[in-house]
Amino acid sequence: MPEHFHVNTPLLESVSMSKMAGTAVYLKMENCQPSGSFKIRGVGHLCQQLASRSRGVVCSSGGNAGMAAAYVARKMGLSATVVVPSSTPPLVVRRLQEQGAAVKVAGKVWDDANAEALRLAETEQLTFVPPFDHPLLWEGHASVVAEAAAALGPGARPGAVLLSVGGGGLLCGVVHGLKDAGWADVPIIAMETVGADCFNAAIKAGELVTLDDITSEAKCLGAKTVCRRAFELSLSGEATIISELVTDQEALRAVQMFLDEERVLVEMACGAALAAVYSGLIPRLQAQGRLPTPLRPLLVIVCGGSSINMEQLISLQQKLQS
Ligand code: PLV
């Protein structure tokens, strides 16, 4: 078995985003992962630890954790079943099947699909691969920070890390990675879209909140409840987390601008993070005193995602920009 399934992704400086952010912007290009997103880091690590003698894996997913599970299972010679909600576009179902997974559609949102995946794990004795709520996932995701630290070189230190939050697994992993890199005091800007904002809602309420529904088009951010660890981190002094929201329109505009400027197509879940730069949030946070001025370089986790192609982009434009 290989040491790991993910690749060391490029760290690219973006001149146009640097201009908008008012500080150097470094893009950690997780869209380049073999499964299309950062998820392979954690999922690969978890499967290596838990699934080597398994009868097969079952993963509940908005799409991208499933893509990672399907890829890793194929490499490990295991079967993969991915349970997705009906909000998952057909293009993702097709990509999952191409990756060799059996796909089951269950329920309207990820939480419904998760209940079905847990049931299958039990009845079929499969290894359950959660998409965001597991310490092994966080341990695996932490490698994204270690790689960025190595690429930036000794003595370098980001001013902030920018990422998206769905169920909070990436956030937990990045906090882990920042600690390992000796960067525990680097603030994290945690982005969600309005309508997929379970982390922001929990922070506002002071307790875990279960959203009534996922109304955002960023379906891969669509967990109704953020994982407990992410919420606890927001309360503890272990990390500085700035939780912010963008609209679907802003996330989509960011996807389009990123395509035009960087020539890379990412899904809405990733657009949510990019929108912090394209919508001018960074200088606004500085003006509010929530980020320092001047700000050291901004490390952006370009989480990627398979839930996008030209047809999907056009359909999102018609839905959100008409
Ligand atoms: N997507 C999960 C959860 O969906 C999934 O099953 O694929 N960026 C992209 C492209 C993602 O796919 C996800 C999560 C995130 C960001 C957020 O990561 P998280 O869930 O670890 O906060 C419901």
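**Cavities and pockets in the predicted model**

The lining of the largest pocket comprises six nonpolar, four polar and four charged residues. The largest pocket holds about 200 Å³ of space. Its lining is made up of 14 residues, among which S87, P89, E217, K219 and Q312 lie closest to the pocket centre. Helix α14, spanning residues 310-321, supplies the largest share of this lining, with four residues.

Two cavities of 30 Å³ or more were counted. The largest cavity has a volume of about 320 Å³. It is lined by 29 residues, of which F38, K39, G166, C220 and L221 are the closest to its centre. Two or more residues of this lining are given by each of the elements α3 (64-76) and α8 (169-180). The greatest contribution to the lining of the largest cavity is that of α8, which provides three residues. When the lining of the largest cavity is divided by class, 13 residues are nonpolar, 13 are polar and three are charged.

The second largest cavity contains about 40 Å³ of space. Its lining is formed by P85, S87, V109, W110, I214, K219 and G222. By class, four of these lining residues are nonpolar, two are polar and one is charged. S87 and K219 line the second largest cavity and are also among the residues closest to the centre of the largest pocket.

Methods. Residues are numbered from 1 along each chain as its sequence is written. This is a predicted model: local features need pLDDT of at least 70, side-chain atom pairs count only at pLDDT 80 or more; totals for chains, interfaces and linings use all residues. Side-chain values use heavy atoms; hydrogens and water are left out. On a 1 Å grid over the protein atoms alone, a cavity is a set of points where a 1.4 Å probe fits but cannot get out, and a pocket is an open set with protein on both sides within 12 Å along at least five of seven lines; lining residues have an atom within 4 Å of a point. Grid points are joined across faces, edges and corners, and a volume is the space filled by probe spheres set on the points. Ala, Val, Leu, Ile, Met, Phe, Trp, Tyr, Cys and Pro count as nonpolar, Asp, Glu, Lys and Arg as charged, and the others, Gly among them, as polar.
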